[in-house]
Amino acid sequence: MIPVLVSAVLSAVEPGAYTVAPPDTSTACSPAPVGQSCFPVLCYHGVDSGRGLSVTPYRLRCDLQALYDAGFFLVTPEDLENGLLQVPLDRSPVMITFDDGWQDQYNLEVQGDGSSRLDPDCAVGVLESFCEANPDFGRGAVFFISWDKTPFGQAGLLAEKLNFLLDNGYVIGNHTLRHSSLVSLPPEGWESALTAPLDKLRGFIGLRTSGVTSVSWPGGRLPEGGEYEERLLSMDLEGAPVVEMGFLVDGALASLSSLEGQSGRLRISRVDMGLYSMQRLFQHRGFIGRGAARTSLHDPLPYLPCALSPLRRD
Ligand SMILES: [Zn+2]
């Protein structure tokens, strides 16, 4: 059965091509339906006035509350590789991502004495306070940054921000050097578009740069074709892979089973929350559920179908 949400928007592959009025409030708190292998990967952009694709800080807080109340638990790309081992039995996985690296995603307020304070209304501020108040929600989100501007806006504070993210369970992702869509950029230019950001990152986070292997494709799309996938998956920078997972914006739910192939790994679906409300997301039926509680360590894991085969690199 094709889920309602997916069928409603699958035909619209261009981000922004589908329109659903996003309410500023999100009050849904009914239990999430479970049963299949789908899970939501949410894509946010700015966290400011709520105009365009951005949402307000209030809306982001409401979305987190609705997810928490519905039984979701935060996961990151690394958790997908690990078969979602850490997701509690009574929870369903959700991944939260932010694109572009706007300052309102991570803003530090510089005080008179020169010290800096986390802006409680930026995305990191909202996430930190919510996760601190609700430790059983898990923690972590992915920040896909491009370098067409100073990521997160405050050049002198970038090293502090990037290291705080990595120290606190967040993930830094790649959004290319100049926010180039791979649909329009010639394939010969892909490698520099994807490796130049890593060279820049290394100056701020050192060896931790080798963990930056998730990419969200600017414009939300990736050209179809096995030759493109081979090109992306064969890129390496000083022996480390450049791309291990890639994320679209196509308004569909992600599926763990589709991640087993290289095409699926490079085309993980996301829902643009500038266009979607949480209520509409919850209309979907078939989120990943949990199996029966394990009585022994030798029992099968609750997310058996979700265990991923390791990436093959020949
Ligand atoms: Zn973008």
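The largest nonpolar core here has 76 residues, and L42, Y44, V75, V94, A123 and F143 touch the most other members. Such a core is a set of buried Ala, Val, Leu, Ile, Met, Phe, Trp, Tyr and Cys residues joined through C-beta atoms within 7 Å. Helix α2 (residues 57-69) gives this core its largest share, six residues.

Keep in mind that this is a predicted model, where local features need pLDDT of at least 70, side-chain atom pairs count only at pLDDT 80 or more, and totals for chains, interfaces and linings use all residues. Numbering runs from 1 along each chain as its sequence is written.

Take A123: skipping neighbours within four places in sequence, its contacts (C-beta atoms, placed from the backbone, within 7 Å) are Y44, V47, L60, F98, Q105 and Y106.

Now for α5. Buried means 20 or more other C-beta atoms within 10 Å of a residue's own, exposed means 12 or fewer, and partly exposed is in between, with C-beta atoms placed from the backbone. In α5, L158, K161, L162 and L165 are buried. Down the helix axis, these residues fall within an arc of 95° (taken from the directions from the axis to the C-beta atoms), so they line one face of α5. Their cover includes β8, β9 and α6. After α5 comes G169, with a positive phi near 90°.

Helices (H or I, at least four residues) and strands (E, at least two) are DSSP runs, numbered from the N terminus.

| Element | Residues |
|---|---|
| α5 | 158-167 |
| β8 | 142-145 |
| β9 | 171-174 |
| α6 | 190-205 |

Finally, E81 sits in helix α3 (residues 77-81). E81 counts as partly exposed because it has 16 C-beta neighbours inside 10 Å.

Terms used: Two residues are in contact if their C-beta atoms, placed from the backbone, lie within 7 Å.
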